[in-house]
Amino acid sequence: MRLVFLGPPGVGKGTQAERLSKQYRVPHIATGDILRAAMANKTPVGLEAKSYIDAGKLVPDDVIINIIRERLKEHDTKEGYILDGFPRTIKQGEALSKTLEQSGEKIDRALYFELPEEELVKRIAGRRSCPACKKVYHTAFNPPPQEGVCTCGTALVQRKDDRPETVKERLAVYRNETAPLIQYYKERGLLSQIDADQSVEAVAKRVQDAIFQKKSS
Ligand code: ADP
Ligand code: AMP
């Protein structure tokens, strides 16, 4: 099962991908997580990516395409994967199709998560993550048992690029550079649209339905 999760920042892709990854035992590959780990470790890629991420811009296509090409060679991807946050431009989408084609593989489904912009802003503003175990919470919609603290005991943090001044730029980048991928996957008959304006459980059910629809068709 090779899935692409498409949609604006804050729509809930990571939350759903995490659940599905456990259920189907396929890796959840989130390019944002890979880049944040590279930044934390101060690798050459991390140092290059930092200025783009902090400004709410996309990291250059060639950098991210190389990261994904290497990641997809790893053994744990044999039974499939969930790509979350990649592709984010048409060029990345084409590079992914080409890479898969070369190994006789293809994407099974692209799930496009939709949510009104004012809800996106609320979800992003309340997002808090654990720097240790990477668990993601929301101050109002999915709060931790103890305020500001992960169940693993680590203090939760707000991502620097989740601050309001950067969020506006990220949403504009999404509209201009990523949204054209909706049409790209639609034309290839791979797109399923998911109404993300519901509880985590209800969205998860729609995700299941979209995948099941594919399997039975
Ligand atoms: P993305 O990966 O698309 O950027 P996340 O999965 O990180 O989005 O979710 C963004 C924020 O919204 C997080 O704080 C998360 O806990 C919260 N969230 C995710 N799904 C829902 C939902 N269905 N209803 C309310 N809040 C949600
Ligand atoms: P995310 O965690 O998906 O919200 O991504 C955080 C940031 O990482 C984005 O705003 C971009 O700067 C960068 N990033 C993540 N994935 C990609 C990608 N596929 N292409 C370019 N930049 C990316």
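Which polar backbone atom is 2.8 Å from an oxygen atom of ligand 1? That one belongs to Gly10. Keep in mind that this is a predicted model. Below is a quick tour of the ligand site, then the nonpolar cores.

**Around ligand 1**

- The shell around ligand 1 has 17 residues, and Gly14, Thr15, Arg127, Tyr137 and Gln198 come nearest.
- Sorted by class, that shell splits into 7 nonpolar, 7 polar and 3 charged residues.
- Gly12 also has a backbone N or O atom facing a ligand oxygen, at 3.0 Å.
- Tyr137, one of the nearest residues, puts a backbone N or O atom 2.8 Å from an oxygen atom of ligand 1.
- On its own, ligand 1 has 570 Å² of accessible area, and the protein covers 91% of that.
- Helix 1 (13–24) and strand 6 (136–138) are the elements that give two or more residues to the shell.

**The nonpolar cores**

- In soluble globular proteins, nonpolar side chains tend to be buried together.
- Here the largest nonpolar core has 30 residues, with Leu83, Leu96 and Tyr185 touching the most other members.
- Elements giving this core two or more residues include strand 1 (2–6), strand 3 (81–84), helix 5 (90–102) and helix 8 (180–187).
- Helix 4 gives the most, with 5 residues.
- Setting aside neighbours within four places in sequence, Leu96 is in contact with Val4, Leu72, Leu83, Phe86, Pro87, Ile107 and Tyr185.
- There's also a second, separate core of 20 residues, with Leu111, Val203, Ala210 and Ile211 among them.

Note on methods
Residues numbered from 1 in each chain as written. Chains lettered and ligands numbered in written order. Predicted model: local features only at pLDDT ≥ 70, side-chain atom pairs only at ≥ 80, totals over all residues. Heavy atoms only, no water. Near = heavy atom within 4 Å. Polar contact = N/O pair within 3.5 Å; in protein donor to acceptor, adjacent residues only side chain to side chain. Areas by Shrake-Rupley, 256 points an atom, 1.4 Å probe, with all protein chains shown as cover. Helix = DSSP H or I, 4+ residues; strand = E, 2+ residues; numbered from the N terminus. Nonpolar A, V, L, I, M, F, W, Y, C, P; charged D, E, K, R; others polar. Core = buried A, V, L, I, M, F, W, Y, C linked by side-chain atoms within 4.5 Å. Buried < 20%, exposed > 50% of the residue type's maximum accessible area, 1.4 Å probe, protein only. Contact = heavy atoms within 4.5 Å.
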